[in-house]
Amino acid sequence: MTDQTVSLGVEGSNFNYPVLDGSVGPEVIDIRKLYGQTGMFTYDPGFTSTASCESAITYIDGEKGILLHRGYPIDQLAEHSSFMEVAYLLLHGELPSNKELNDFVYTISRHTMVHEQLATFFRGFRRDAHPMAIMCGVVGALSSFYHDSTDITDPEQRMIASHRLIAKMPTIAAMAFKYSIGQPFMYPQNSLSYTGNFLRMTFGVPAEPYEVNPVIERAMRRIFILHADHEQNASTSTVRLAGSSGANPFACIAAGIACLWGPAHGGANEAALNMLREIGRVDRIPEYIARAKDKNDPFRLMGFGHRVYKNFDPRAKVMKATADEVLKELGKSDPVLDVAKELEHIALNDEYFIEKKLYPNVDFYSGVILNAIGFPTDMFTALFAVARTVGWVAQWNEMIADPEQKIGRPRQLYVGATQRDYIPLDKR
Ligand code: SDX
(Lines give C-alpha, C1' and ligand atoms only; values in the text may rest on other atoms or scores of the structure.)
Protein backbone atom coordinates (compact mmCIF):
# COMPACT_ATOMS: atom_id res chain seq x y z
CA MET A 1 0.00 0.00 0.00
CA THR A 2 1.33 3.51 -0.76
CA ASP A 3 0.11 6.65 1.04
CA GLN A 4 -1.26 7.83 -2.33
CA THR A 5 -4.92 7.87 -3.24
CA VAL A 6 -6.73 8.56 -6.52
CA SER A 7 -9.88 10.61 -6.28
CA LEU A 8 -12.88 10.30 -8.56
CA GLY A 9 -15.53 13.00 -8.77
CA VAL A 10 -19.01 11.58 -9.39
CA GLU A 11 -22.01 13.94 -9.54
CA GLY A 12 -20.45 16.46 -7.19
CA SER A 13 -19.07 13.92 -4.70
CA ASN A 14 -15.43 12.96 -4.42
CA PHE A 15 -14.39 9.35 -3.80
CA ASN A 16 -10.80 8.39 -2.89
CA TYR A 17 -9.27 5.05 -3.80
CA PRO A 18 -5.98 3.75 -2.38
CA VAL A 19 -2.98 3.15 -4.66
CA LEU A 20 -1.23 -0.17 -4.06
CA ASP A 21 2.33 -0.85 -5.14
CA GLY A 22 4.12 -4.13 -5.72
CA SER A 23 7.85 -4.89 -5.64
CA VAL A 24 8.23 -3.72 -9.26
CA GLY A 25 5.94 -2.68 -12.12
CA PRO A 26 2.84 -0.47 -12.38
CA GLU A 27 1.03 0.57 -9.22
CA VAL A 28 -2.68 -0.31 -9.05
CA ILE A 29 -5.76 1.62 -8.01
CA ASP A 30 -7.77 -0.44 -5.52
CA ILE A 31 -11.32 0.03 -6.84
CA ARG A 32 -12.98 -2.74 -4.86
CA LYS A 33 -15.30 -0.19 -3.19
CA LEU A 34 -16.08 1.69 -6.44
CA TYR A 35 -19.45 0.07 -7.22
CA GLY A 36 -20.64 0.24 -3.61
CA GLN A 37 -19.76 3.94 -3.40
CA THR A 38 -20.63 5.19 -6.92
CA GLY A 39 -23.02 2.57 -8.35
CA MET A 40 -20.70 2.40 -11.36
CA PHE A 41 -18.50 -0.35 -12.80
CA THR A 42 -15.20 0.06 -14.60
CA TYR A 43 -15.20 -1.04 -18.27
CA ASP A 44 -12.17 -2.90 -19.63
CA PRO A 45 -12.92 -5.56 -22.30
CA GLY A 46 -9.90 -7.85 -22.63
CA PHE A 47 -8.60 -6.52 -19.29
CA THR A 48 -5.99 -4.29 -20.97
CA SER A 49 -5.67 -2.09 -17.85
CA THR A 50 -6.85 -4.47 -15.13
CA ALA A 51 -4.86 -6.37 -12.51
CA SER A 52 -6.95 -9.44 -11.63
CA CYS A 53 -4.85 -10.59 -8.69
CA GLU A 54 -1.70 -10.19 -6.64
CA SER A 55 1.05 -12.59 -7.70
CA ALA A 56 4.71 -13.26 -6.89
CA ILE A 57 5.38 -15.82 -9.61
CA THR A 58 6.18 -14.05 -12.92
CA TYR A 59 6.94 -10.45 -13.76
CA ILE A 60 6.84 -9.04 -17.29
CA ASP A 61 7.94 -5.57 -18.41
CA GLY A 62 6.53 -5.23 -21.92
CA GLU A 63 8.41 -2.04 -22.72
CA LYS A 64 11.82 -3.39 -21.70
CA GLY A 65 11.27 -6.97 -22.85
CA ILE A 66 11.84 -8.34 -19.35
CA LEU A 67 10.47 -11.72 -18.17
CA LEU A 68 11.34 -12.89 -14.64
CA HIS A 69 10.28 -16.12 -12.94
CA ARG A 70 10.46 -15.55 -9.17
CA GLY A 71 12.98 -12.79 -10.03
CA TYR A 72 15.24 -14.86 -12.31
CA PRO A 73 15.54 -13.63 -15.97
CA ILE A 74 14.19 -16.06 -18.57
CA ASP A 75 17.38 -16.06 -20.65
CA GLN A 76 19.46 -17.14 -17.61
CA LEU A 77 16.98 -19.91 -16.76
CA ALA A 78 16.88 -21.08 -20.41
CA GLU A 79 20.68 -21.18 -20.47
CA HIS A 80 21.49 -22.67 -17.05
CA SER A 81 18.42 -24.32 -15.51
CA SER A 82 16.43 -27.52 -16.11
CA PHE A 83 12.67 -27.74 -16.67
CA MET A 84 12.19 -29.59 -13.36
CA GLU A 85 14.21 -26.91 -11.55
CA VAL A 86 12.04 -24.17 -13.15
CA ALA A 87 8.91 -26.12 -12.18
CA TYR A 88 10.16 -26.28 -8.56
CA LEU A 89 11.02 -22.55 -8.66
CA LEU A 90 7.57 -21.57 -9.97
CA LEU A 91 5.80 -23.77 -7.42
CA HIS A 92 7.90 -23.01 -4.32
CA GLY A 93 9.39 -19.58 -5.00
CA GLU A 94 13.09 -20.40 -4.59
CA LEU A 95 15.71 -22.32 -6.56
CA PRO A 96 15.98 -25.79 -4.96
CA SER A 97 19.01 -27.19 -3.17
CA ASN A 98 20.49 -30.32 -4.70
CA LYS A 99 18.48 -32.50 -2.28
CA GLU A 100 15.27 -30.55 -2.83
CA LEU A 101 15.67 -30.91 -6.61
CA ASN A 102 16.43 -34.63 -6.41
CA ASP A 103 13.42 -35.22 -4.13
CA PHE A 104 11.18 -33.20 -6.47
CA VAL A 105 12.37 -35.06 -9.58
CA TYR A 106 11.87 -38.39 -7.74
CA THR A 107 8.32 -37.40 -6.73
CA ILE A 108 7.38 -36.25 -10.22
CA SER A 109 8.85 -39.36 -11.83
CA ARG A 110 6.68 -41.55 -9.54
CA HIS A 111 3.55 -40.00 -11.01
CA THR A 112 4.40 -40.26 -14.73
CA MET A 113 2.20 -43.30 -15.45
CA VAL A 114 -1.51 -42.80 -16.03
CA HIS A 115 -4.24 -45.16 -14.79
CA GLU A 116 -4.44 -48.02 -17.30
CA GLN A 117 -8.17 -47.30 -17.66
CA LEU A 118 -7.33 -43.81 -19.00
CA ALA A 119 -5.96 -45.36 -22.18
CA THR A 120 -9.49 -46.44 -23.12
CA PHE A 121 -10.54 -42.77 -23.36
CA PHE A 122 -8.38 -42.40 -26.45
CA ARG A 123 -10.32 -45.11 -28.30
CA GLY A 124 -13.34 -42.83 -28.49
CA PHE A 125 -11.48 -40.23 -30.59
CA ARG A 126 -11.09 -40.40 -34.35
CA ARG A 127 -7.48 -41.08 -35.32
CA ASP A 128 -7.34 -37.66 -36.97
CA ALA A 129 -8.62 -35.82 -33.88
CA HIS A 130 -6.55 -32.72 -33.09
CA PRO A 131 -4.20 -33.50 -30.17
CA MET A 132 -5.56 -30.48 -28.29
CA ALA A 133 -9.09 -31.92 -28.53
CA ILE A 134 -7.72 -35.13 -27.03
CA MET A 135 -5.80 -33.25 -24.32
CA CYS A 136 -8.94 -31.32 -23.31
CA GLY A 137 -10.92 -34.55 -23.01
CA VAL A 138 -8.36 -36.80 -21.37
CA VAL A 139 -7.00 -34.25 -18.86
CA GLY A 140 -10.58 -33.38 -17.91
CA ALA A 141 -11.21 -37.12 -17.44
CA LEU A 142 -8.35 -37.28 -14.92
CA SER A 143 -10.71 -35.49 -12.51
CA SER A 144 -12.72 -38.72 -12.33
CA PHE A 145 -9.67 -40.75 -11.24
CA TYR A 146 -8.36 -38.80 -8.25
CA HIS A 147 -11.01 -38.36 -5.57
CA ASP A 148 -8.31 -38.82 -2.90
CA SER A 149 -6.64 -35.49 -3.75
CA THR A 150 -9.50 -33.14 -4.47
CA ASP A 151 -9.80 -31.43 -1.09
CA ILE A 152 -8.27 -28.21 -2.40
CA THR A 153 -8.28 -26.59 1.03
CA ASP A 154 -5.58 -29.09 2.08
CA PRO A 155 -2.16 -27.84 0.84
CA GLU A 156 -0.86 -31.42 0.90
CA GLN A 157 -3.63 -32.62 -1.45
CA ARG A 158 -3.16 -29.56 -3.67
CA MET A 159 0.51 -30.44 -4.05
CA ILE A 160 -0.31 -34.10 -4.87
CA ALA A 161 -2.67 -32.92 -7.62
CA SER A 162 0.02 -30.48 -8.87
CA HIS A 163 2.65 -33.22 -8.99
CA ARG A 164 0.27 -35.56 -10.80
CA LEU A 165 -0.55 -32.93 -13.42
CA ILE A 166 3.09 -31.96 -14.06
CA ALA A 167 4.06 -35.64 -14.29
CA LYS A 168 1.20 -36.88 -16.45
CA MET A 169 0.91 -34.15 -19.06
CA PRO A 170 3.91 -35.39 -21.11
CA THR A 171 2.59 -38.97 -20.91
CA ILE A 172 -0.86 -37.89 -22.14
CA ALA A 173 0.56 -35.64 -24.89
CA ALA A 174 2.79 -38.47 -26.12
CA MET A 175 -0.21 -40.84 -26.05
CA ALA A 176 -2.21 -38.34 -28.14
CA PHE A 177 0.57 -38.34 -30.73
CA LYS A 178 0.91 -42.14 -30.73
CA TYR A 179 -2.85 -42.54 -31.09
CA SER A 180 -2.88 -40.22 -34.11
CA ILE A 181 -0.28 -42.34 -35.94
CA GLY A 182 -1.66 -45.71 -34.84
CA GLN A 183 1.42 -46.70 -32.86
CA PRO A 184 1.27 -48.34 -29.40
CA PHE A 185 1.51 -46.14 -26.33
CA MET A 186 4.95 -46.09 -24.68
CA TYR A 187 5.19 -46.35 -20.89
CA PRO A 188 7.38 -43.76 -19.12
CA GLN A 189 10.96 -44.73 -18.30
CA ASN A 190 11.88 -42.91 -15.12
CA SER A 191 15.63 -43.29 -15.50
CA LEU A 192 15.37 -40.58 -18.18
CA SER A 193 15.05 -36.82 -17.65
CA TYR A 194 11.60 -35.27 -17.82
CA THR A 195 12.30 -34.12 -21.37
CA GLY A 196 14.10 -37.30 -22.40
CA ASN A 197 11.20 -39.38 -21.05
CA PHE A 198 8.79 -37.30 -23.14
CA LEU A 199 10.89 -37.71 -26.30
CA ARG A 200 11.09 -41.47 -25.81
CA MET A 201 7.32 -41.80 -25.19
CA THR A 202 6.73 -39.75 -28.34
CA PHE A 203 9.27 -41.10 -30.81
CA GLY A 204 10.26 -44.46 -29.30
CA VAL A 205 8.58 -47.78 -30.22
CA PRO A 206 8.36 -51.01 -28.18
CA ALA A 207 10.12 -52.86 -30.98
CA GLU A 208 13.52 -51.30 -30.41
CA PRO A 209 15.57 -49.29 -27.92
CA TYR A 210 15.35 -45.47 -28.16
CA GLU A 211 18.42 -43.32 -27.66
CA VAL A 212 17.66 -39.76 -26.53
CA ASN A 213 19.55 -37.33 -28.77
CA PRO A 214 21.22 -34.81 -26.38
CA VAL A 215 20.89 -31.99 -28.92
CA ILE A 216 17.15 -32.52 -29.18
CA GLU A 217 16.83 -33.09 -25.41
CA ARG A 218 18.57 -29.75 -24.76
CA ALA A 219 16.37 -27.95 -27.32
CA MET A 220 13.17 -29.43 -25.84
CA ARG A 221 14.31 -28.51 -22.32
CA ARG A 222 14.83 -24.94 -23.44
CA ILE A 223 11.47 -24.83 -25.26
CA PHE A 224 9.67 -26.16 -22.18
CA ILE A 225 11.39 -23.55 -19.98
CA LEU A 226 10.47 -20.72 -22.38
CA HIS A 227 6.80 -21.75 -22.23
CA ALA A 228 6.54 -22.50 -18.50
CA ASP A 229 4.65 -19.45 -17.25
CA HIS A 230 3.71 -15.97 -18.36
CA GLU A 231 1.86 -13.88 -15.76
CA GLN A 232 -1.93 -13.58 -16.16
CA ASN A 233 -2.26 -14.63 -19.83
CA ALA A 234 -5.61 -15.86 -21.14
CA SER A 235 -5.18 -19.56 -20.28
CA THR A 236 -3.70 -18.86 -16.85
CA SER A 237 -6.58 -16.48 -16.13
CA THR A 238 -8.94 -19.27 -17.25
CA VAL A 239 -7.36 -21.71 -14.80
CA ARG A 240 -7.59 -19.11 -12.01
CA LEU A 241 -11.23 -18.32 -12.78
CA ALA A 242 -12.19 -22.00 -12.93
CA GLY A 243 -10.25 -22.64 -9.73
CA SER A 244 -11.89 -19.70 -7.96
CA SER A 245 -15.16 -21.66 -7.81
CA GLY A 246 -13.36 -24.53 -6.05
CA ALA A 247 -13.48 -26.74 -9.13
CA ASN A 248 -11.44 -29.94 -9.36
CA PRO A 249 -7.82 -29.03 -10.30
CA PHE A 250 -7.72 -31.47 -13.22
CA ALA A 251 -10.86 -29.87 -14.64
CA CYS A 252 -9.30 -26.41 -14.18
CA ILE A 253 -6.23 -27.42 -16.18
CA ALA A 254 -8.49 -28.88 -18.89
CA ALA A 255 -10.13 -25.43 -19.07
CA GLY A 256 -6.70 -23.85 -19.45
CA ILE A 257 -5.87 -26.28 -22.28
CA ALA A 258 -9.08 -25.31 -24.07
CA CYS A 259 -8.23 -21.61 -23.85
CA LEU A 260 -4.59 -22.11 -24.89
CA TRP A 261 -5.75 -23.86 -28.08
CA GLY A 262 -7.01 -20.62 -29.64
CA PRO A 263 -4.89 -19.25 -32.54
CA ALA A 264 -4.65 -15.87 -30.80
CA HIS A 265 -2.92 -17.63 -27.89
CA GLY A 266 -1.04 -20.93 -27.75
CA GLY A 267 -2.50 -22.09 -31.06
CA ALA A 268 -0.35 -19.41 -32.74
CA ASN A 269 2.71 -21.69 -32.88
CA GLU A 270 0.85 -24.11 -35.16
CA ALA A 271 -0.69 -21.21 -37.14
CA ALA A 272 2.68 -19.45 -37.48
CA LEU A 273 4.43 -22.43 -39.09
CA ASN A 274 1.43 -23.03 -41.37
CA MET A 275 1.60 -19.36 -42.38
CA LEU A 276 5.37 -19.49 -43.04
CA ARG A 277 4.86 -22.61 -45.16
CA GLU A 278 2.02 -20.92 -47.06
CA ILE A 279 4.26 -17.91 -47.76
CA GLY A 280 6.87 -20.43 -48.88
CA ARG A 281 9.31 -18.03 -50.52
CA VAL A 282 10.94 -14.77 -49.53
CA ASP A 283 9.58 -13.01 -52.64
CA ARG A 284 6.01 -13.67 -51.45
CA ILE A 285 6.49 -11.90 -48.12
CA PRO A 286 5.36 -8.42 -49.34
CA GLU A 287 1.96 -9.88 -50.35
CA TYR A 288 1.40 -11.18 -46.81
CA ILE A 289 2.70 -8.01 -45.15
CA ALA A 290 0.14 -6.08 -47.22
CA ARG A 291 -2.64 -8.47 -46.15
CA ALA A 292 -1.62 -8.13 -42.48
CA LYS A 293 -1.93 -4.34 -42.81
CA ASP A 294 -5.25 -4.45 -44.68
CA LYS A 295 -8.06 -3.61 -42.27
CA ASN A 296 -10.52 -5.48 -44.50
CA ASP A 297 -8.47 -8.64 -44.44
CA PRO A 298 -8.79 -10.75 -41.25
CA PHE A 299 -5.29 -12.14 -41.90
CA ARG A 300 -2.75 -11.45 -39.20
CA LEU A 301 0.93 -12.34 -39.05
CA MET A 302 0.81 -15.33 -36.72
CA GLY A 303 3.58 -15.34 -34.14
CA PHE A 304 3.64 -11.54 -34.26
CA GLY A 305 2.37 -9.05 -31.73
CA HIS A 306 1.65 -9.34 -28.05
CA ARG A 307 -0.68 -7.77 -25.51
CA VAL A 308 2.20 -6.97 -23.16
CA TYR A 309 5.46 -6.96 -25.12
CA LYS A 310 5.66 -3.72 -27.08
CA ASN A 311 9.37 -3.87 -27.73
CA PHE A 312 10.47 -7.49 -28.06
CA ASP A 313 9.54 -10.86 -26.54
CA PRO A 314 12.69 -12.08 -24.77
CA ARG A 315 11.59 -15.65 -25.41
CA ALA A 316 11.53 -15.06 -29.17
CA LYS A 317 15.19 -14.00 -29.06
CA VAL A 318 16.21 -17.24 -27.31
CA MET A 319 13.95 -19.27 -29.60
CA LYS A 320 15.49 -17.71 -32.74
CA ALA A 321 19.03 -18.54 -31.53
CA THR A 322 17.90 -22.08 -30.63
CA ALA A 323 16.42 -22.59 -34.10
CA ASP A 324 19.78 -21.79 -35.69
CA GLU A 325 21.62 -24.05 -33.21
CA VAL A 326 19.29 -27.06 -33.58
CA LEU A 327 19.18 -26.99 -37.38
CA LYS A 328 22.98 -26.70 -37.51
CA GLU A 329 23.56 -29.48 -34.94
CA LEU A 330 21.06 -31.75 -36.68
CA GLY A 331 22.67 -30.93 -40.01
CA LYS A 332 19.32 -29.75 -41.33
CA SER A 333 18.27 -26.63 -43.19
CA ASP A 334 14.72 -25.35 -43.49
CA PRO A 335 13.72 -22.72 -46.05
CA VAL A 336 10.93 -21.78 -43.66
CA LEU A 337 13.55 -20.39 -41.23
CA ASP A 338 14.91 -18.14 -43.99
CA VAL A 339 11.37 -16.94 -44.72
CA ALA A 340 10.82 -16.31 -40.99
CA LYS A 341 14.02 -14.29 -40.62
CA GLU A 342 13.31 -12.21 -43.73
CA LEU A 343 9.70 -11.67 -42.67
CA GLU A 344 10.90 -10.45 -39.27
CA HIS A 345 13.42 -8.14 -40.93
CA ILE A 346 10.88 -6.63 -43.35
CA ALA A 347 8.16 -6.28 -40.72
CA LEU A 348 10.46 -4.63 -38.18
CA ASN A 349 11.33 -1.98 -40.76
CA ASP A 350 7.74 -1.38 -41.82
CA GLU A 351 5.95 1.71 -40.46
CA TYR A 352 2.75 -0.23 -39.65
CA PHE A 353 4.51 -2.75 -37.41
CA ILE A 354 6.71 -0.11 -35.85
CA GLU A 355 3.76 2.16 -35.08
CA LYS A 356 1.69 -0.73 -33.65
CA LYS A 357 4.75 -2.12 -31.82
CA LEU A 358 4.41 -5.59 -33.31
CA TYR A 359 7.37 -7.92 -32.85
CA PRO A 360 7.87 -11.67 -33.11
CA ASN A 361 6.54 -13.44 -30.03
CA VAL A 362 7.37 -16.80 -28.49
CA ASP A 363 5.39 -18.61 -31.21
CA PHE A 364 7.16 -17.19 -34.25
CA TYR A 365 10.26 -19.40 -34.30
CA SER A 366 9.25 -22.32 -32.08
CA GLY A 367 7.58 -24.20 -34.94
CA VAL A 368 10.80 -24.31 -36.97
CA ILE A 369 12.55 -26.11 -34.10
CA LEU A 370 9.66 -28.46 -33.34
CA ASN A 371 9.36 -29.35 -37.02
CA ALA A 372 13.12 -30.07 -37.21
CA ILE A 373 12.78 -32.36 -34.16
CA GLY A 374 10.02 -34.28 -35.95
CA PHE A 375 6.77 -33.12 -34.33
CA PRO A 376 3.76 -32.70 -36.64
CA THR A 377 2.39 -29.14 -36.64
CA ASP A 378 -0.80 -30.09 -34.81
CA MET A 379 1.28 -31.26 -31.83
CA PHE A 380 2.88 -27.83 -31.27
CA THR A 381 0.17 -26.43 -29.00
CA ALA A 382 0.00 -29.69 -27.04
CA LEU A 383 3.71 -29.20 -26.27
CA PHE A 384 2.96 -25.65 -25.17
CA ALA A 385 0.28 -27.09 -22.83
CA VAL A 386 2.74 -29.61 -21.37
CA ALA A 387 5.16 -26.82 -20.51
CA ARG A 388 2.55 -24.30 -19.35
CA THR A 389 1.05 -26.82 -16.91
CA VAL A 390 3.84 -25.99 -14.42
CA GLY A 391 2.81 -22.33 -14.59
CA TRP A 392 -0.89 -23.11 -14.40
CA VAL A 393 -0.53 -25.27 -11.27
CA ALA A 394 1.78 -22.71 -9.62
CA GLN A 395 -0.74 -19.91 -10.30
CA TRP A 396 -3.66 -22.14 -9.21
CA ASN A 397 -1.94 -22.92 -5.89
CA GLU A 398 -1.14 -19.24 -5.35
CA MET A 399 -4.77 -18.29 -6.04
CA ILE A 400 -6.25 -20.90 -3.66
CA ALA A 401 -3.80 -19.89 -0.89
CA ASP A 402 -4.52 -16.15 -1.38
CA PRO A 403 -6.57 -14.93 1.62
CA GLU A 404 -8.11 -12.26 -0.61
CA GLN A 405 -9.23 -14.83 -3.17
CA LYS A 406 -12.95 -15.09 -3.91
CA ILE A 407 -14.94 -16.47 -6.80
CA GLY A 408 -14.30 -14.46 -9.96
CA ARG A 409 -17.51 -12.82 -11.13
CA PRO A 410 -17.08 -9.83 -13.51
CA ARG A 411 -20.04 -7.51 -14.27
CA GLN A 412 -21.03 -5.88 -17.61
CA LEU A 413 -22.24 -2.82 -19.46
CA TYR A 414 -25.77 -3.93 -20.38
CA VAL A 415 -26.92 -2.73 -23.82
CA GLY A 416 -29.87 -5.09 -24.34
CA ALA A 417 -33.62 -4.52 -24.19
CA THR A 418 -35.01 -2.85 -21.09
CA GLN A 419 -37.95 -4.51 -19.31
CA ARG A 420 -41.00 -5.26 -21.50
CA ASP A 421 -44.09 -7.48 -21.15
CA TYR A 422 -44.49 -10.89 -22.76
CA ILE A 423 -46.50 -10.91 -26.04
CA PRO A 424 -48.70 -14.00 -26.56
CA LEU A 425 -47.94 -15.93 -29.74
CA ASP A 426 -51.22 -15.04 -31.38
CA LYS A 427 -50.48 -11.33 -30.86
CA ARG A 428 -47.01 -11.27 -32.56
C1 SDX B 1 0.75 -16.01 -26.77
O2 SDX B 1 -0.65 -13.15 -23.03
C3 SDX B 1 0.36 -13.87 -23.13
O4 SDX B 1 1.32 -13.74 -22.38
C5 SDX B 1 0.31 -14.91 -24.21
C6 SDX B 1 1.59 -15.72 -24.41
C7 SDX B 1 1.89 -16.62 -23.24
O8 SDX B 1 3.05 -17.00 -23.07
O9 SDX B 1 0.93 -17.02 -22.52
O10 SDX B 1 2.68 -14.86 -24.63
C11 SDX B 1 1.45 -16.67 -25.62
O12 SDX B 1 -0.44 -16.12 -26.86
C13 SDX B 1 1.55 -15.15 -27.72
C14 SDX B 1 0.64 -14.45 -28.80
C15 SDX B 1 0.35 -15.48 -29.89
N16 SDX B 1 -0.66 -14.95 -30.83
C17 SDX B 1 -0.31 -14.62 -32.10
O18 SDX B 1 0.84 -14.63 -32.54
C19 SDX B 1 -1.50 -14.28 -32.98
C20 SDX B 1 -1.20 -13.00 -33.77
N21 SDX B 1 -1.17 -11.88 -32.84
C22 SDX B 1 -2.38 -11.14 -32.62
O23 SDX B 1 -3.55 -11.83 -32.74
C24 SDX B 1 -2.26 -10.14 -31.47
O25 SDX B 1 -1.06 -9.51 -31.59
C26 SDX B 1 -2.40 -10.64 -30.04
C27 SDX B 1 -3.66 -11.43 -29.85
C28 SDX B 1 -1.24 -11.47 -29.67
C29 SDX B 1 -2.45 -9.42 -29.13
O30 SDX B 1 -3.61 -8.75 -29.43
P31 SDX B 1 -4.03 -7.40 -28.64
O32 SDX B 1 -3.09 -7.07 -27.57
O33 SDX B 1 -5.45 -7.51 -28.30
O34 SDX B 1 -3.78 -6.32 -29.73
P35 SDX B 1 -4.81 -5.94 -30.83
O36 SDX B 1 -5.43 -7.18 -31.40
O37 SDX B 1 -5.71 -4.90 -30.27
O38 SDX B 1 -3.85 -5.33 -31.94
C39 SDX B 1 -3.42 -3.98 -31.83
C40 SDX B 1 -3.32 -3.52 -33.25
C41 SDX B 1 -4.57 -3.82 -34.07
O42 SDX B 1 -4.68 -2.82 -35.06
P43 SDX B 1 -5.71 -1.58 -34.75
O44 SDX B 1 -7.06 -2.18 -34.40
O45 SDX B 1 -5.09 -0.81 -33.62
O46 SDX B 1 -5.73 -0.81 -36.07
O47 SDX B 1 -2.26 -4.25 -33.91
C48 SDX B 1 -2.78 -5.02 -34.97
C49 SDX B 1 -4.29 -5.13 -34.76
O50 SDX B 1 -4.98 -5.24 -36.02
N51 SDX B 1 -2.17 -6.34 -34.88
C52 SDX B 1 -1.70 -7.03 -35.90
C53 SDX B 1 -1.16 -8.20 -35.35
N54 SDX B 1 -1.34 -8.19 -34.03
C55 SDX B 1 -1.96 -7.03 -33.74
N56 SDX B 1 -1.69 -6.79 -37.25
C57 SDX B 1 -1.11 -7.74 -38.01
N58 SDX B 1 -0.56 -8.91 -37.55
C59 SDX B 1 -0.58 -9.15 -36.22
N60 SDX B 1 -0.05 -10.28 -35.76
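Me: Taking angles under 35 degrees as roughly parallel, over 145 as roughly antiparallel, 65 to 115 as roughly perpendicular and the rest as oblique, at what angle do H7 and H11 pack?
Reply: Helix H7 (residues 155–181) and helix H11 (residues 249–260) pack at about 45 degrees with their axes 10 Å apart, and they are therefore oblique to each other. Axes here are lines fitted to C-alpha atoms, for helices over the stretch in contact, and angles run from 0 to 180 degrees between N-to-C directions. Helices are DSSP runs of H or I with at least four residues, and strands are runs of E with at least two, numbered from the N terminus.

Me: Before going on, what kind of model is this?
Reply: It is a predicted model, in which local features need pLDDT of at least 70 and side-chain atom pairs count only at pLDDT 80 or more, while totals for chains, interfaces and linings use all residues. Residues are numbered from 1 along each chain as its sequence is written, and side-chain values use heavy atoms, with hydrogens and water left out.

Me: Changing topic, how many residues of H9 are buried?
Reply: Ten of the 13 are buried, so H9 is largely enclosed by the rest of the structure; buried means under 20% relative accessible area, exposed over 50%, and partly exposed in between, with a 1.4 Å probe and protein chains only. Among the buried residues are Val215, Ile216, Met220 and Phe224, and the buried set packs against H2 (74–80), H3 (83–92), H8 (194–203), H14 (314–329), H17 (362–373) and H18 (380–401).

Me: What should the 13 residues of H9 span, and what caps its N-terminal end?
Reply: At 1.5 Å a residue, residues 214–226 should span 18 Å, and the end C-alpha atoms are 18 Å apart, which agrees; the expected span is 1.5 Å times one less than the number of residues. Asn213 is the cap, with a side-chain oxygen 2.7 Å from the backbone nitrogen of Val215.

Me: What about H8, how many of its residues are buried?
Reply: H8 is mostly covered, with nine of its ten residues buried, including Tyr194, Asn197, Phe198 and Arg200. The cover includes H3, H4 (98–109), H7, H9, H17 and H18.

Me: Last topic, where is Glu231 found, and where is Lys357?
Reply: Glu231 is in the loop between H9 and helix H10 (234–243), where its phi is near 60 degrees, a positive value in a residue other than glycine. Lys357 lies in the loop between helix H16 (351–355) and H17, and its phi is positive at about 55 degrees although it is not a glycine.

Me: What relative accessible area does Glu231 have, and Lys357?
Reply: Glu231 is partly exposed at 27%, and Lys357 is partly exposed at 36%.

Note on methods:
Contact = heavy atoms within 4.5 Å. Polar contact = N/O pair within 3.5 Å; in protein donor to acceptor, adjacent residues only side chain to side chain.
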